[in-house]
Amino acid sequence: KRKVKEIQFENMKIKKSAVWDKKWRIVIFDIPDKYKKRARDALREKLKEMGFYQFQKSVWVHPYPCEKEIQFLCELFNIIPFVNIVVADKIYNDVKLKKHFNLL
């Protein structure tokens, strides 16, 4: 089981849809330092690797569905209570985001 999870982790990517549904996926987390510093750092690194945009220190954004991948990471790192996913129709002043993801 562990080897399968490692392989899934290494190969994890967010699939780019042919047409953007105009929804933002916002991953928000507040993982206590004393509890899971290494898990928090690993989550940040994986979000970067998967192409998320760092909106704020613990707020990351992606335009395509990624809920399953984030839930997998939360289970893997044992940080479910500290992470939330918001699907939003609008982020004001999102021009920088749209440019980053080539959505203009």
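Let's start with charge: the protein chain carries 24 positive and 13 negative side chains, and the centres of the two sets sit 2 Å apart. Here Lys and Arg count as positive and Asp and Glu as negative, with His and the chain ends not counted. Each charge is placed at NZ of Lys, CZ of Arg, CG of Asp or CD of Glu.

Before going further, a word on what you are looking at. This is a predicted model, in which local features need pLDDT of at least 70 and side-chain atom pairs count only at pLDDT 80 or more, while totals for chains, interfaces and linings use all residues. Residues are numbered from 1 along each chain as its sequence is written, and side-chain values use heavy atoms, with hydrogens and water left out.

Now for the overall layout. Helices (H or I, at least four residues) and strands (E, at least two) are DSSP runs, numbered from the N terminus. Along the principal axes, the C-alpha atoms fill a box of roughly 40 × 30 × 20 Å.

What about inside and outside? Buried residues make up 38% of the 104 residues; buried means under 20% relative accessible area, exposed over 50%, and partly exposed in between (1.4 Å probe, protein chains only). The chain exposes about 7,300 Å², with carbon and sulfur atoms supplying 52% of it. Those areas come from the Shrake-Rupley method with a 1.4 Å probe, and for residues only the protein chains shown count as cover. Among contacts (heavy atoms within 4.5 Å) between residues at least 6 apart in sequence, 76% join residues at least 24 apart.

Tryptophan 24 lies in strand S1 (residues 24-29) and is buried, with a relative accessible area of 1%. Tyrosine 64 is 40 residues from tryptophan 24 in sequence, yet their C-alpha atoms are 7.1 Å apart in space. Phenylalanine 55, in strand S2 (residues 53-56), is partly exposed at 37% relative accessible area. Leaving out residues up to four places away in sequence, phenylalanine 55 touches Trp60, Val61, Ile91 and Leu97.

Helix H3 (residues 67-77) has its own buried set: Ile70, Phe72, Leu73, Cys74 and Phe77. Just after H3, asparagine 78 takes a positive phi of about 60°. Lysine 22 also has a positive phi, near 65°, in a residue other than glycine. You'll find lysine 22 in the loop between helix H1 (2-11) and S1, where it is exposed at 57% relative accessible area. Asparagine 102, not a glycine either, has a positive phi of about 55°; this residue lies in the segment after helix H4 (95-100) and is exposed, at 64% relative accessibility.

Back to the charges, this time in pairs. Side chains of opposite charge can pair when their charged atoms come close. A search of the whole structure finds nine salt bridges, each being a side-chain nitrogen of Lys or Arg within 4 Å of a carboxyl oxygen of Asp or Glu.

Helix H2 (residues 33-49) holds aspartate 41 and lysine 37, four residues apart, about one turn of the helix. Their salt bridge has its closest N and O atoms 3.0 Å apart. Aspartate 41 is partly exposed at 32% relative accessibility, and lysine 37 is partly exposed at 42%. An α-helix has 3.6 residues a turn, so residues three or four places apart point the same way.

Another bridge joins glutamate 49 to lysine 46, with the closest N and O atoms 2.7 Å apart. These two are three residues apart in H2, about one helical turn. Glutamate 49 is exposed at 52% relative accessibility, whereas lysine 46 is buried at 2%.

Elsewhere, salt bridges that share partners join Asp21, Arg25 and Glu67 into one network. Within it, the side chains of arginine 25 and aspartate 21 meet at 2.6 Å, N to O. Arginine 25 is buried, with a relative accessible area of 4%, while aspartate 21 is partly exposed at 37%.
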